[in-house]
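Please look over the sequence and the model below. A short report on the contacts between chains follows.

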Amino acid sequence: MKLNLCIFAAILTLFCPVQAFCSDALTSDDTKDCLGCHEYSHPGIVESWRNSNHSQTSVKDALGVNAMSRKVSAETVPDALGSKSVGCAECHTLNPESHADTFEHNGYDVHVVVTPSDCATCHPVEADEFSQNLMAHSRDNLAGNAVYRQLQVSILGTPIYQESQKLFSQSASNENTQAEACYYCHGTRLEVTGFEARDTITGKLTFPTIQGWPNQGVGRHNPDGSKGACSACHTRHGFSIETARKPYTCGECHTGPDVPAYKVYTTSKHGNIYSSKGDEWDFEAVPWTVGKDFSSPTCAACHVSLLTNTEGEVVAKRTHRMNDRLSWRLFGVPYAHPHPVSQDLTSILNKDGLQLAVSFDGTEASDFLINPATQSRRKETIQAVCLTCHSTSWVDGQWQRFENTIQTTNAATRSATKLMTEIWNTGLATGLDQGGNPFDEAVEKKWSGIWLFYANTIRFSSAMGGGGDYSVFADGAYHLSESLQEMQDWHDLRSKNQGLE
Amino acid sequence: MKLNLCIFAAILTLFCPVQAFCSDALTSDDTKDCLGCHEYSHPGIVESWRNSNHSQTSVKDALGVNAMSRKVSAETVPDALGSKSVGCAECHTLNPESHADTFEHNGYDVHVVVTPSDCATCHPVEADEFSQNLMAHSRDNLAGNAVYRQLQVSILGTPIYQESQKLFSQSASNENTQAEACYYCHGTRLEVTGFEARDTITGKLTFPTIQGWPNQGVGRHNPDGSKGACSACHTRHGFSIETARKPYTCGECHTGPDVPAYKVYTTSKHGNIYSSKGDEWDFEAVPWTVGKDFSSPTCAACHVSLLTNTEGEVVAKRTHRMNDRLSWRLFGVPYAHPHPVSQDLTSILNKDGLQLAVSFDGTEASDFLINPATQSRRKETIQAVCLTCHSTSWVDGQWQRFENTIQTTNAATRSATKLMTEIWNTGLATGLDQGGNPFDEAVEKKWSGIWLFYANTIRFSSAMGGGGDYSVFADGAYHLSESLQEMQDWHDLRSKNQGLE
Amino acid sequence: MKLNLCIFAAILTLFCPVQAFCSDALTSDDTKDCLGCHEYSHPGIVESWRNSNHSQTSVKDALGVNAMSRKVSAETVPDALGSKSVGCAECHTLNPESHADTFEHNGYDVHVVVTPSDCATCHPVEADEFSQNLMAHSRDNLAGNAVYRQLQVSILGTPIYQESQKLFSQSASNENTQAEACYYCHGTRLEVTGFEARDTITGKLTFPTIQGWPNQGVGRHNPDGSKGACSACHTRHGFSIETARKPYTCGECHTGPDVPAYKVYTTSKHGNIYSSKGDEWDFEAVPWTVGKDFSSPTCAACHVSLLTNTEGEVVAKRTHRMNDRLSWRLFGVPYAHPHPVSQDLTSILNKDGLQLAVSFDGTEASDFLINPATQSRRKETIQAVCLTCHSTSWVDGQWQRFENTIQTTNAATRSATKLMTEIWNTGLATGLDQGGNPFDEAVEKKWSGIWLFYANTIRFSSAMGGGGDYSVFADGAYHLSESLQEMQDWHDLRSKNQGLE
């Protein structure tokens with residue numbers, strides 16, 4: 001059958017070479033100049049682009065689409081963009097003056113790094129929403145938080161062994177190590193440090209040297225001063241809405257065990273339906289109609305996409321400020337809590353003077369967190385998605401359990417932290433109050449595993465309607481209880497030993 | 001090509017709107033009444049149903065299918081069901097008098113929870129077989145077993161820290177926590193606790209309040225007194241045989257590390273072939289013909305489905321009593337053993353008076369386990385599937401290794417349990433004989449990890465013809481040996497310390 | 001739409017039954033003899049073969065394909081193979097005299113195990129290249145290495161508990177255990193130990209008894225004296241190039257945490273694109289054209305396949321000597337190092353007299369490792385693939401970080417090994433110099449986890465352009481640092497205790 005269909009398609013293609021024809025006529029002369037070399041030197045990305053909406057639609061046509069199906073949010077765009085499609089030149093020569101990475105390239109002022117500010121030319125609402133998102137600030141929120149920096153050193157720090165003392169110490173990791181670890185997802189700081197000439201197939205050319213490059217982290221600092229990277233989710237150079245809507249995109253950073261959304265999804269009922277039947281769904285449709293286009297949510301369906309019911313009524317407005325549909329912050333360091341008001345987490349100061357939304361003893365820094373009314377509104381926003389397939393009693397039951405999970409995992413963390421504090425106070429380990437790093441000793445790592453891995457995993461599993469063994473045996477309750485028991489065991493042995501001395 | 005085919009398909013559809021036409025004529029008036037509102041309020045599930053066999057086939061036609069291809073096992077059904085398809089009303093208004101969750105709903109006696117007893121109207125053989133399955137009793141077998149309950153408390157129990165004693169204790173977890181953890185798969189107990197009125201799009205309506213809802217666990221207690229949930233595997237509301245046959249369905253509960261069937265499968269040769277070529281297979285065909293419809297088994301092929309060879313001869317009869325093809329129970333608490341005779345595991349009593357099929361010292365409670373002749377018969381039943389692709393010497397060689405794996409992992413568990421018993425006997429930890437919970441101390445969790453995670457993972461990997469690193473480096477022999485060495489290390493240090501006191 | 005296309009395809013098939021017709025005419029009489037029984041007794045593999053290139057192409061036609069698209073590398077083949085396709089008899093009766101597993105079977109001299117020497121009849125270049133590969137020697141390199149054997153005993157050894165001494169010891173595991181564990185991937189040793197008669201559907205027949213069977217490990221010892229198994233990657237009996245090119249094939253053995261290539265890939269940007277869009281790609285095309293046939297690499301694209309750009313120019317030559325594109329050996333026992341010169345790793349001898357490429361103190365056995373010039377050449381070979389989608393500055397930046405990762409993870413391993421050596425020297429554990437197994441005590445397993453799991457995982461994640469949380473939270477830097485801190489904690493407590501005695 002495959003063969004027959006291929007022959008048939010080949011014949012039809014002879015008479016309707018629509019795609020090839022259109023995309024060529026739509027390509028700007030500048031982009032054709034780019035393609036002259038890059039089609040040869042970078043065939044992979046050029047072909048991805050050729051198959052993309054960017055290549056096959058003129059900006060004018062994209063602007064002319066009616067409201068609900070419209071993918072661009074700009075009212076108007078610069079005249080130069082109108083009748084042509086969006087190709088190499090359209091993005092890489094935008095706003096040249098604001099880009100420190102702009103360089104002269106065969107007569108064009110080209111920049112390497114396309115940023116949310118560039119994308120905002122056609123997609124201003126999305127760029128603006130994204131900037132109000134925790135993600136766009138994920139680099140700053142990590143690098144600018146004194147507690148998180150200590151956690152980072154305790155994990156990434158180069159271990160130096162002092163033979164005389166028979167002791168490790170960890171020194172700050174180098175920039176390359178950081179870029180391959182935390183900042184791979186959180187985003188590096190891109191800085192143009194100079195320009196260098198290089199031999200190419202078209203002779204000697206000069207290119208900028210960019211420290212921190214390559215990187216596609218969501219909170220990246222860009223050479224034009226903007227923050228973030230649309231390409232983290234809208235994968236270059238196809239920028240396919242299908243890819244962004246599939247769970248693998250989110251799985252690049254949300255795998256676990258700290259934020260195991262992807263792993264939980266793969267073994268959830270929702271993920272099962274997606275994996276079994278997703279190949280029959282329409283991942284390109286805008287708006288995205290529940291039931292007609294897909295029958296089980298992906299990450300995007302619950303958190304981002306414009307959804308409608310089969311009558312065409314809006315179920316959920318598109319948002320790139322994912323906070324709109326998030327009432328709780330599940331990711332606990334060390335506690336889960338109502339979502340923060342501001343996307344700038346470094347401005348939070350709890351009663352202990354730490355930049356954490358909740359104190360070690362469990363007291364919330366309430367001034368910095370959304371209030372119950374806002375929590376409730378956001379809950380209703382995301383539950384509208386659930387209700388397209390589930391009854392009210394189902395959805396209420398699930399939410400009640402989910403909030404119970406937040407309470408009980410926070411309670412477990414509080415118990416563990418009390419014991420940890422006892423250990424610090426009796427001098428068996430060196431915590432913050434003793435001037436130490438609270439994460440860099442063996443027993444402290446037992447403690448941090450409790451909230452960073454196991455409590456988080458249990459919460460994600462509960463939030464997402466269950467996911468295989470993830471709430472119990474795979475980084476869940478089994479390991480949480482084991483770590484508590486090991487902390488106790490560790491404490492009791494040392495206490496006894498202290499008594500013996 | 002995609003575009004061309006779409007245009008072509010669209011044109012054909014104009015002249016052959018078969019599906020839309022048929023399914024509408026087949027829909028009963030009662031179901032049309034349901035759809036009047038629910039098509040609007042729950043488009044996701046309605047569309048899933050519209051695409052289903054239930055929606056597109058009349059019961060009469062389903063009954064008329066010839067023996068081998070027949071999907072319903074009933075000889076006759078109530079007259080009312082005959083000429084129409086199976087829609088909302090057909091299931092949700094069946095047997096109203098037996099359902100405690102029945103409520104008056106716009107003139108209909110509707111119940112929320114469709115149960116195996118409802119499904120048995122058309123699928124009696126499957127419902128009956130399933131009831132003889134360990135799975136249908138998985139709630140009772142967990143909740144009714146005193147040893148398992150201790151394991152459960154040691155994992156899920158809320159940890160309370162007693163500051164004065166610097167000691168944790170674990171109290172019983174609440175019902176919501178249990179429903180999100182063990183009983184998510186094992187099944188909750190659904191109990192109608194009252195009725196409440198709610199505002200809806202069609203005015204104020206009354207609905208039952210059901211404790212334990214939502215849940216789709218395989219051993220659920222239902223409001224009509226039945227046990228189990230067909231929807232655990234036959235996902236609502238498409239009830240797609242394709243979904244049930246794909247490995248993601250089993251992966252919802254069998255992920256690991258306690259029962260890592262899904263993870264082992266994904267990295268096995270069988271899983272590789274499925275992932276690489278499965279999109280070309282026919283997952284709807286009944287019977288399911290080896291080679292023609294698929295060329296590598298999924299979970300269902302080995303354990304459930306009706307398989308034939310290309311001559312149409314039966315390779316394996318369909319069974320929803322998975323025991324038919326299971327000679328060993330691999331899941332060991334703490335030992336793997338011949339499959340139990342009865343699906344009610346709470347009736348087992350071993351020589352130590354525990355509800356476990358094998359004593360801690362390794363002695364089998366043989367009276368409660370199938371005999372070698374039955375084991376042999378079941379082995380032959382499942383090997384018939386293997387033999388459609390593998391030679392006798394291949395299959396015999398695999399089985400010999402598999403049974404060796406059972407022996408050696410049980411031997412390792414026996415060694416670990418001897419040391420654990422030594423630790424209990426010398427008072428370094430508090431076991432059953434000392435009146436304690438044998439699972440709630442750090443060294444006890446090392447011991448339980450050995451059989452619950454690592455021995456089980458090694459056995460599943462061996463049973464399923466290997467699976468990546470799962471038998472060695474990913475929750476396998478490396479971790480089993482490490483845990484043993486850690487138990488030894490723990491014991492030796494405490495023994496020495498005891499001597500010092 | 002599905003239905004309509006099916007009808008359409010069915011009609012066309014009536015007039016063009018090309019496949020069925022051709023494959024029958026191409027089948028040799030000998031193979032038809034085989035099919036006479038095996039079509040019935042083994043429908044799964046027969047149908048896989050019917051859908052394969054082997055079944056649908058005559059050897060003569062395969063030889064006639066022009067250079068770049070040619071899949072067979074032989075110049076000529078035995079006359080008998082020419083005009084027919086490659087079926088059962090063509091492979092299983094080749095070179096009968098060299099096969100110890102040859103047996104008389106209904107008038108034919110058949111052998112059970114088809115080996116690389118058999119495949120070399122048509123694919124000599126691939127068989128030869130593969131023999132120069134580490135993989136073809138993976139059994140010898142494990143079984144013939146004294147240090148690795150100690151690691152193996154410490155993992156697979158049957159634990160025996162000596163009650164009098166309250167002590168475990170591990171004795172060598174049996175052959176079946178080894179075949180299900182390490183040698184499942186590394187390859188067993190196949191040895192014909194006799195012949196036995198068995199009743200079959202065609203009467204009593206005699207078959208060889210082969211110790212070590214079944215097995216498809218890449219370094220298998222075969223009954224004809226050859227090493228390796230093409231079927232490890234070219235899955236029987238479809239031998240589909242599509243399957244070999246998809247990541248699941250490599251995932252059978254490279255899952256982790258020791259060599260987590262598959263898990264890293266699934267959550268990398270490359271894996272995301274593959275999972276999201278791969279169903280639109282052409283996995284059968286030879287050569288494999290970047291951009292046109294696929295837009296993100298799979299394992300095979302980077303390491304094996306013949307790649308061309310859209311102009312038809314070679315980007316990377318096909319190689320089954322994967323070393324050609326590997327400059328570093330990331331898998332560290334205990335250190336990563338430049339790739340070894342010879343595929344026979346047992347011939348390596350470092351300054352400590354161990355068969356390891358790097359001494360425990362970090363000194364490379366440089367004579368046995370490729371020099372910088374060779375490393376550089378191999379780097380350029382694989383980077384040619386990267387450059388089809390990425391700019392030079394991107395690729396250089398990635399490589400710089402990757403080599404930094406090798407340095408820092410090796411440094412962490414060196415620090416850990418210094419502490420381990422201190423522990424051995426002070427008698428807290430028994431290492432090589434003390435006549436012990438350096439891997440079989442609890443603290444030694446902490447140490448081996450550092451390099452075998454965590455350093456390796458961090459390196460694979462860095463090499464493959466990042467992969468979810470794998471470099472930090474999932475078997476990465478978090479666990480590496482935790483293990484170091486636990487080693488320190490273990491050491492300090494025992495040191496103190498020693499002082500107390």
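Which residue does the side chain of B:Lys269 meet in a salt bridge? The partner is C:Glu252, at 3.1 Å from N to O. A salt bridge here is a side-chain nitrogen of Lys or Arg within 4 Å of a carboxyl oxygen of Asp or Glu.

## Basis of the model

This is a predicted model, in which local features need pLDDT of at least 70 and side-chain atom pairs count only at pLDDT 80 or more, while totals for chains, interfaces and linings use all residues. Residues are numbered from 1 along each chain as its sequence is written, chains are lettered from A in the order in which they are written, and side-chain values use heavy atoms, with hydrogens and water left out.

## Chain C and chain B

The contact (heavy atoms within 4.5 Å) takes 77 residues from chain C and 72 residues from chain B. About 6,300 Å² is buried between the two chains, 55% of it on carbon and sulfur atoms. Buried area is the accessible area (1.4 Å probe) lost by two parts on being put together, summed over both. C:Phe168, C:Glu180 and C:Pro214 supply 10% of the area that chain C buries against chain B, more than any other three residues.

The rule finds six salt bridges across this interface.

## Chain A and chain C

Here 77 residues of chain A are in contact with 72 residues of chain C. The area buried between chain A and chain C is about 6,300 Å², and carbon and sulfur atoms give 56% of it.

Six salt bridges are found by the rule across the interface of chain A and chain C. In one of them, A:Arg494 pairs with C:Asp489, with the closest N and O atoms 2.8 Å apart.
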